[in-house]
Amino acid sequence: MELKTFKGGLHPPDNKAWSEKKAIEVCPLAEGDELVVLLSQHIGAPAEACVKKGDTVKKGQLIATPKGFVSVPIHAPTSGEVVAVEPRLGTAGTRVPAVVIKADGQDAWDDSLAGADPDTLTPQEIKDRIRDAGIVGMGGATFPTHVKLSPPEDKKIDYLILNGVECEPYLTADHRLMIEEPENIIEGILIIKKVLGVEKAIIGIEANKPDAIDLMTKACAGRGIEVGALKVQYPQGAEKQLIYALTGREVPSGGLPMDCGCVVQNVGTAAAINDAVRRGIPLIERIATVSGSAVAEPKNLRIKIGQPLSKLVEYCGGVKGDLGKVIQGGPMMGMAAVSLDIPATRGTSGVLLFSEGQVLKEPEGPCVRCGNCVRACPAFILPTEIAFRTRKGLIDEAEKLNAMDCIECGSCTYICPARIPLIQSLRQAKGAIIAKRRKV
Amino acid sequence: MIGAVLSLGGIGFLAAVILGFASKKFAVEVDPKEEAILNALPGANCGACGYPGCSGYAKAVASGQVDPSLCTPGGKAVVEKIAQIMGVEAVVADPMVAVVCCQGDNEKAKDKYKYLGVQDCITAQMLAGGPKDCPGGCLGLGTCVAACPFGAIEITPQGLAVIDREKCTGCKKCVSVCPRKVIKMTPKSATVHVLCNSHDKGPMVKSYCKIGCIGCQLCKRTSPEVYEVENFLASVKYDTYDAEQAIAGMEKCPTKCIRDFAAGYPEGSTFKS
């Protein structure tokens with residue numbers, strides 16, 4: 001069978017063997033543990049706390065309400081007492097508003113949570129349930145799912161694409177989910193299909209997960225869901241690249257997947273949607289891979305939102321050797337963590353620990369004009385040209401070179417023989433262009 | 001031979017007539033004042049006046065509707081010259097100079113992570129709010145140095161930006177590029193300044209910096225005319241500045257975050273007072 005793929009990209013060593021055979025384990029929570037639940041764990045406006053210090057909360061209880069359409073509510077990950085509502089160190093390394101809950105060890109559910117049969121609900125009722133459960137994209141970008149499922153009237157959607165690619169090296173959370181909970185994912189897909197009213201649904205999985213491809217193909221047979229095997233190539237799991245690989249359609253420059261009739265959802269999001277609609281469970285847990293050369297025993301964990309990264313690492317046997325760098329998410333697109341004390345969020349798809357020797361320390365060299373970044377770029381832009389214009393402050397020129405088409409996959413930086421942090425300048429260019437457009 | 005001389009001479013003569021005619025017919029009228037003003041301006045094209053370059057400002061002043069004292073780099077001498085050209089009285093304000101309100105170099109202030117990326121403050125600031133633990137401190141990567149048209153800023157070997165009070169012309173270019181807003185404009189006549197930009201409470205400041213303002217109010221209690229403390233950060237009241245009182249308050253500062261530039265620049269700087 002010929003494997004589908006996109007143009008550009010590269011293939012970094014995937015290092016998935018460390019954790020891909022490890023079944024998902026529940027990261028334990030003891031009485032007295034503090035959970036730091038950040039109020040901005042999604043793209044869009046931060047939620048607003050609706051509990052105060054001293055309140056007791058049940059597991060799954062609403063603790064913060066959304067502000068605006070592109071925002072989601074946040075729920076208590078366990079039962080216990082609210083010990084603080086104050087700024088705490090967040091993912092980005094800055095202090096951000098958070099609700100701190102001290103677990104009472106009971107882990108008692110809020111009784112008012114109830115599921116429903118999706119067959120008896122209208123698409124709008126399902127969408128409301130998805131929003132009220134705080135579901136966001138579980139691939140790591142954390143975009144509110146109900147917004148993605150509400151395309152404008154004039155956009156005709158005819159293709160639902162499920163992202164089971166997991167092209168980031170080291171990460172195996174989606175892989176394990178597909179193997180251990182295929183039914184949960186498939187039922188979630190059927191719910192999304194109903195909301196969007198689409199006939200065609202396809203799950204894209206990279207060929208380095210043959211067991212998941214086999215299992216999902218068997219489980220999906222006769223239920224209106226296809227499975228597409230994809231070549232192992234980074235960034236196969238990026239929305240626009242995945243759409244091209246599976247359907248041959250191209251998202252126009254500056255457009256969204258809905259502009260070519262597609263909606264893309266992560267398999268983890270599908271499972272979370274099923275939990276939310278059928279069982280009434282809000283998004284308070286997720287699966288994360290803890291891996292890398294500086295962790296004693298790499299594992300896949302079911303973690304509670306708000307658990308500090310240090311707890312996750314501790315459960316995996318702690319730090320091995322000298323720790324050089326911690327990355328939240330995958331090594332290509334993830335963010336370096338300033339400390340292990342920061343809490344896990346809805347976007348924590350992985351926690352990777354690398355030893356001191358693996359951290360790049362040499363300064364950048366001069367650009368040798370090799371063109372590797374241009375060949376690797378899956379968005380067909382010129383990373384080196386844009387980066388150097390950005391450094392000179394020539395934002396208008398960067399915009400003309402289509403800097404906004406950058407998907408921040410990091411391929412250019414990975415391949416650069418001169419070790420130039422191109423992606424850093426590209427992100428800066430995008431930020432400056434957005435700020436400029438807002439001003440005009 | 002004669003033919004060649006005649007024909008070339010003829011072409012030359014014809015061209016001269018055409019050029020002479022064109023120079024009269026298409027002459028661009030330039031206000032002689034504008035030209036004189038442009039010659040008087042320093043020619044740095046820094047934009048401190050708010051106009052596009054020196055020629056833009058010269059034109060605006062020549063039109064008679066713009067204040068002739070807006071060229072801060074030129075200082076008193078230039079303003080007087082322009083005023084003379086325009087035939088108005090020179091009003092020279094006290095010149096302003098920029099000051100980096102931070103002394104937390106790499107030896108005195110803690111970093112929260114090791115930064116190895118693009119050597120530019122604006123880029124670094126986007127990564128977890130910059131490597132320096134202090135939210136307001138100078139990052140020392142030299143974005144202001146590159147922006148300064150007058151070569152008035154240097155980065156000390158310890159990684160702190162310092163501005164030469166003699167070379168600084170007050171064009172504010174550095175103020176606008178600094179992502180941490182740590183550079184402030186101050187009157188040149190005042191030499192005592194509070195060199196801290198952190199509004200955090202005392203214990204917090206102490207956790208990351210040896211030379212930051214802890215908001216203890218000692219300077220204010222000693223010289224209430226000169227110092228005020230707002231939101232845990234002291235500042236100098238330049239309107240009621242008095243050198244003697246300022247120094248009295250400075251001497252009481254337990255963290256030495258107040259500095260008299262007349263007595264010396266921060267450690268590692270090559271600038272002389």
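Let's start with the core. The largest nonpolar core has 100 residues, and the ones with the most contacts inside it are A:Val37 and A:Leu312. Before I go on, keep in mind that this is a predicted model.

So what is A:Val37 in contact with, once we leave aside its neighbours within four places in sequence? Click on A:Val37 and you'll find A:Ile63, A:Ile74 and A:Pro77, then A:Ala98, A:Val99 and A:Ile101, and finally A:Ile305 and A:Gly306. There's also a second, separate core, this one of 50 residues, and among its members are B:Leu160, B:Ile183, B:Val226 and B:Ile258.

A word on confidence. The predictor gives the complex an ipTM of 0.80 and a pTM of 0.84. For chain B the average pLDDT is 91, with 100% of the residues scoring at least 70.

Now stay on chain A for a sheet. Strands β3, β5 and β6 of chain A make an open sheet of three strands, in the order β3-β5-β6, and the pairing is antiparallel. At the edges you have β3 (48–49) and β6 (74–75) of chain A, each pairing on one side only. As a reminder, strands of a sheet pair through backbone hydrogen bonds, and they can run parallel or antiparallel. Between β3(A) and β5(A), residues 62–65, there are two bridges.

Over to chain B and its strand β1, residues 96–100. Is this strand enclosed or open? Five of its five residues are buried, so β1(B) is largely enclosed by the rest of the structure. You can see that on both faces: B:Met96, B:Ala98 and B:Val100 are buried on one side, and B:Val97 and B:Val99 are buried on the other. Its antiparallel partner is β4 of chain B, residues 183–187, and the two pair over five bridges. Look across from B:Val99 and you'll land on B:Lys184 in β4(B).

Next, a helix: α6 of chain A, residues 239–247. Seven of its nine residues are buried, which leaves the helix mostly covered. The buried ones are A:Glu239, A:Lys240, A:Gln241, A:Leu242, A:Ile243, A:Ala245 and A:Leu246. And what do they pack against? Four strands of chain A: β9 (159–163), β10 (200–206), β11 (226–230) and β12 (262–266).

The loop between β11 and α6 of chain A holds A:Pro235, and the peptide bond from A:Tyr234 to A:Pro235 is cis, with omega near -5 degrees.

On the phi side, we have two cases to show. A:Asp107 isn't a glycine, yet its phi is positive, about 55 degrees. You'll find A:Asp107 in the loop between β8 (95–103) and α1 (123–132) of chain A. A:Asp107 counts as partly exposed because it has 15 C-beta neighbours inside 10 Å. Over in chain B, B:Ala128 has a positive phi of about 50 degrees, and again it's not a glycine. B:Ala128 sits in the loop between α5 (121–125) and α6 (143–147) of chain B. Buried or exposed, then? B:Ala128 is buried, because 21 other C-beta atoms lie within 10 Å, and the cut-off for buried is 20 or more.

Let's zoom out to domains. Chain A is divided into domain 1, which is 16–21 + 115–279, and domain 2, which is 372–439. Their C-alpha centres lie 29 Å apart. Where they touch, domain 1 of chain A puts in seven residues and domain 2 of chain A puts in seven residues. On the domain 1 side, that's three nonpolar, three polar and one charged.

Last stop, the two chains together. Here 12 residues of chain A are in contact with 11 residues of chain B. Which helix gives the most to the chain A side? That's α13 of chain A, residues 422–439, with five residues. By class, the chain A side has three nonpolar, six polar and three charged residues.

That's my tour, and I'm happy to take questions.

Notes: Residues numbered from 1 in each chain as written. Chains lettered and ligands numbered in written order. Predicted model: local features only at pLDDT ≥ 70, side-chain atom pairs only at ≥ 80, totals over all residues. Buried ≥ 20, exposed ≤ 12 C-beta atoms within 10 Å, placed from the backbone. Pairing = 2+ DSSP bridges. Core = buried A, V, L, I, M, F, W, Y, C linked by C-beta atoms within 7 Å. Contact = placed C-beta atoms within 7 Å. Nonpolar A, V, L, I, M, F, W, Y, C, P; charged D, E, K, R; others polar. Domains from an automatic or database assignment. pLDDT = per-residue confidence, 0-100.
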